[in-house]
Amino acid sequence: MRQPTVLLAGIGMCASLLGSASLLADGPQGPREVRCWGYNGNGQCNVPANLGTAVAVAGGHSHTIALRTDGSVRCWGDNSNGQCSVPADLGTVVSIAGGSSHSIAIRSDGTVRCWGNNDYGQCNVPALLGTAVSVAGGDLHTIALRADGSVRCWGYNQFSQCSVPADLGSAVAVAGGGAHTIALQPGGSVRCWGRNDYGQCNAPIELGSAVAIAGGDAHAIALRPDGTVSCWGYNANGECNVPADLGTAVAIAGGAYHTMALRTDGSVRCWGANGNGECDVPTDLGTAVTIAAGGAHTIALLNPATLNLRTSEPSPTLAAGILSAADGDTLLCSPWALTGTDIDYR
């Protein structure tokens, strides 16, 4: 691939990242914009203007959670159960997740904190949980993957979604559905337990190995090593009908009745229920680096087109980044922002 030449007379210069191994990993590492679309009855799609820099996103049924670069957490949307009331003493957070009406965080010391609806003890973190490396939420239960690879679940257990199989062994990832739990094992096999009225716990034999997992209300999603996506379970809204032209995916997520995939070029595809526009990806979305979902809303964390290395200000487009730059500034550009081999802005 040819290295583009960008000539900026009296404006600045652009350092290209073309030729790097991964577009998603190697874009400008500046502040990332959070975008939400779909059901917004509780303001869950109204990203706070003062959110600042986000590095991770997660969704509950009707609320949205963001992790900022300073380790602080912001939540917006429905707060009827206190799910958006971030504890004042939460401290520095390294990972987040959402349940239906509760929020979950792993702190820098590996401890887990939960807040919000606690009708079934889903916010009562076990005293002997130990160090967690990943967390996930179901409707009314919480899941933690511990440093030793073991899985712990707590909260509502009517369908045995918290009863971890004795023969599970170690896991490398966990995910939550409405009333089912999903675990990815080191060899790539997927295990599910809990409610199974739509076969959401019956991982297909032909699935083979997986590298990532996600859950919807009554369906499960897996990403295979070749970038293909597999879904099973409830499919009344087509949430398990993976588009034939999806292409290669690098991440997956599940809403209540819709499914999302992030493709290698940073574009987002959604399918399934769309009564609230949750599958209508904005035409001006740009390039995403990660995705998440709430009940009927979708969340994307975007990669800026340019990052001004002097001011640390990101820009969603190359043109805007150039226009806001001062003489001598250096703009770090995402590969997709450059559409030509030679660009002359004189």
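1. In this predicted model, Arg191 counts as partly exposed because its relative accessibility is 24%. The side chain of Arg191 meets that of Asp167 in a salt bridge, at 3.0 Å from N to O. Arg191 lies in strand S15 (residues 190–194) and Asp167 in the loop between strand S12 (151–155) and S13, so the pair ties together parts that are 24 residues apart in sequence. Asp167, for its part, is exposed, with a relative accessible area of 57%.

2. Another salt bridge joins the side chains of Asp245 and Arg269 at 3.2 Å, N to O. This pair links distant parts of the chain, with Asp245 in the loop between strand S18 (229–233) and S19, and Arg269 in strand S21 (residues 268–272), 24 residues apart. Asp245 counts as exposed at 55% relative accessibility, while Arg269 counts as partly exposed at 22%. The count of salt bridges comes to six.

3. The largest pocket has a volume of about 1,000 Å³. Of the 45 residues that line the largest pocket, the closest to its centre are Ala97, Ala136, Ala214, Ala253 and Ala292. Elements that give two or more residues to this lining include strand S4 (54–59), strand S13 (173–176) and strand S22 (288–293). By class, the lining has 23 nonpolar, 20 polar and two charged residues.

4. As to the overall make-up, the protein has one helix and 27 strands, and 55% of its 346 residues count as buried. Among contacts between residues at least 6 apart in sequence, 48% join residues at least 24 apart.

How values were computed: Residues numbered from 1 in each chain as written. Predicted model: local features only at pLDDT ≥ 70, side-chain atom pairs only at ≥ 80, totals over all residues. Heavy atoms only, no water. 1 Å grid on protein atoms, 1.4 Å probe; cavity = no way out; pocket = protein on both sides within 12 Å on 5 of 7 lines; lining within 4 Å. Points joined across faces, edges and corners; volume = space filled by probe spheres on them. Helix = DSSP H or I, 4+ residues; strand = E, 2+ residues; numbered from the N terminus. Nonpolar A, V, L, I, M, F, W, Y, C, P; charged D, E, K, R; others polar. Buried < 20%, exposed > 50% of the residue type's maximum accessible area, 1.4 Å probe, protein only. Contact = heavy atoms within 4.5 Å. Salt bridge = Lys/Arg side-chain N within 4 Å of Asp/Glu carboxyl O.
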